[in-house]
Amino acid sequence: MPKLVEKTGSRPPWVGLAAALWVQMSAGNASTFPLYSAALKTVFGFNQQQVTILGVAGELGGNMGILPGYASNKLPPWAMLLIGIASCFLGYGVLWLSLSQIVHDLPFWLLFIALVIATNSCSWFMTTSLVTNMRNFPMSRGPVAGLLKALIGISGAAYTVLFSMLLHHSASNLLLFLTVGIPVLCLAAMYFIRPCIPATGEDPSEPIYFTFLLGTSILLAAYLVVTTVVSEVYSLPSVLRYVLVAVMVLFLFSPLAVPIKMTLFRSDVKSSPPGSSEKLVKEEGESTVEEPLLITSTLDSNLVSLFQGDDDVSDIDILLAEGEGVVKKKRKPRRGEDFKIGQVFVKADFWLLWFSYLLGMGSGVTVSNNLAQIGFAFGIKDTTVLLCIFSFFNFTGRLASGAISEHFVKSRTLPRTLWMGASQLVMVF
C-alpha cells in the first residue's frame, strides 16, 4: 500500500477536525436503537426479551473496538472509514429491507448479526477520527479527545431532530437514512481526515480555538433539546421544521470558522526555523557549561542506570546499549508509556479498568436500550424527547467528567477512578 502523503501547515489539521466532528455524529448511530426498537417489536411480533437481546447486539457491535484500534496503526484513515461505511451499509441495509417488508421471514439470528455489523461501524468511525486528530494535535490531545467523545453523546439528540422533523417519525425512513445517508456523509469527509504535519511552533490562539469549539458544541446541545421539545409540544409548519434543521446544520459547520479565520487573519506563531541565526545565538547564549573534548561512552555513562531501571533513561540510550551488547532485551513499558496489545493484556491495571468500565456502563446501556419500553410503561407513546434528554446529559456528563477529573488530578492528585466510583453512586440514587 502506498504511503499517504501528509499535509503540512496550520490549517489542514483544523479542517480535518471539523470533518471529524461530522464523522463523530455519524458514529453515534448506535444510539438510535430506541427510535426503531418499538417498530421491530410491532412488525416482527418480538417480545421484550428479544428486543433486549437485539439491544445487546447493538452495544456489542458498537464497543467491539479491538480490531479498529489495531488497524489504526496499519491502515490509513480513508481505508478505515471505508470499512466503517461498508459495515454501516450492509448492516442497516438488512434491517431496512426486513422492517420495510421488502424481504420477508428473516431469522432472528440474522437480524442479530446484521445489528452487530451495523453498529460496529461506530467503532471504525470513532477510532479513525480520534486517532487521526490526536496525532495531528499532539500537544492538545486532551481537548481534542474530550470534544470528539462529547459529540458522540449528543449525536442521539441530532438523530432525534431528524427523526421527528424530516423523517416523520418513520422507523423505516430512519433505517434508510442510516443505510445511505451516513455512508454518503463519511465519503464526503474522507478526503479531509488525513494525517497532517502542523506548523512548527506554538500558536497562542490555539486555546481560544478549542474554547470556541467547546462553546459551539454546548450551544448545539442546548439547541437540539429545545428544538425537540418545541416540535413535540407544538405542531410546527413544514417550512419552520426545515429552517430548524438548517440551523442545526450550520452549528455543525461552525468549526470551519477556525481555518477560515486562520486564512483571513493570520496569527503570529512563536517559532524559529531550525538553523536560523536567532536560534543559534540563543543556543550559544544558553550554553555556559564547558564540555570535555572526550565524551565517555554510553556503555560507561548509562550502564548503572539501565540495570537500576532508571525512568530517565531514553530509548536512544537503550538502543545504544543494546548495540554494545550490554542490554539484550528492551525494558517493558511503564505506566504512562505506550503499550502494545500483548503487553496490555498481562497488566492488572488494564483488567481493573476493563471490569470497572464494563460494570459501570452496564446500567446506563440498559436504560438506553430500553428507553422506548420505559416510556410506554409510563404512558408516553413518543420517546423522542426521552432520547434527546438522555443524549443531552450524556453529552454534559462526558464534558464535565473530563474537566472535573483533569482539574483534581492536577490540583490534588486525586485519581480518576475515584470519580468513576462517585458517578456510580449518583446513578444508584
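The chain comprises 20 helices and two strands in a predicted model. Of its 429 residues, 38% are buried. Among contacts in the chain with a separation of 6 or more, 79% are accounted for by residues 24 or more positions apart.

The largest nonpolar core contains 76 residues, of which Trp14, Tyr36, Leu224 and Met248 touch the most other members. Helix H7 (residues 141-165) gives the most to this core, contributing 15 residues. For tryptophan 14, the contacts beyond four places in sequence are with Phe137, Glu206, Tyr209, Phe210, Leu213, Val258, Pro259 and Met262.

Two packed helices are described by the angle between their axes and the distance between the axes. On the H1 side, the contact is made by Leu17, Ala20, Leu21, Gln24, Met25, Ser26 and Ala27. H7 contributes Val144, Leu147, Leu148, Lys149, Leu151, Ile152, Ile154, Ser155, Ala158 and Tyr159 to this contact. By residue class, the contact of H1 with H7 divides into 13 nonpolar, three polar and one charged.

The crossing of H7 and H10 is left-handed. Ala158, Val161, Leu162, Ser164 and Met165 of H7 meet Arg241, Leu244, Val245 and Met248 of H10 in this contact. Its residues divide into seven nonpolar, one polar and one charged. Ala158 of H7 takes part in the contact with H1 and also in the contact with H10. Met248, on the H10 side of the contact, is one of the residues that touch the most other members of the largest nonpolar core.

Leucine 81 was considered separately. This residue lies in helix H5 (residues 77-99). Its relative accessibility is 0%, and leucine 81 therefore counts as buried, the limit for that class being under 20%. Excluding residues up to four places away in sequence, leucine 81 touches Val23, Phe125, Thr128, Cys186, Met190 and Ile193. The C-alpha atoms of leucine 81 and proline 183 are separated by 9.1 Å, although the two residues are 102 residues apart along the chain.

Key. Residues are numbered from 1 along each chain as its sequence is written. This is a predicted model: local features need pLDDT of at least 70, side-chain atom pairs count only at pLDDT 80 or more; totals for chains, interfaces and linings use all residues. Side-chain values use heavy atoms; hydrogens and water are left out. Helices (H or I, at least four residues) and strands (E, at least two) are DSSP runs, numbered from the N terminus. Buried means under 20% relative accessible area, exposed over 50%, partly exposed in between (1.4 Å probe, protein chains only). Contact means heavy atoms within 4.5 Å. A nonpolar core is a set of buried Ala, Val, Leu, Ile, Met, Phe, Trp, Tyr and Cys residues joined through side-chain atoms within 4.5 Å. Ala, Val, Leu, Ile, Met, Phe, Trp, Tyr, Cys and Pro count as nonpolar, Asp, Glu, Lys and Arg as charged, and the others, Gly among them, as polar. A crossing is left-handed if the near helix is turned anticlockwise from the far one by less than a right angle, and right-handed if clockwise.
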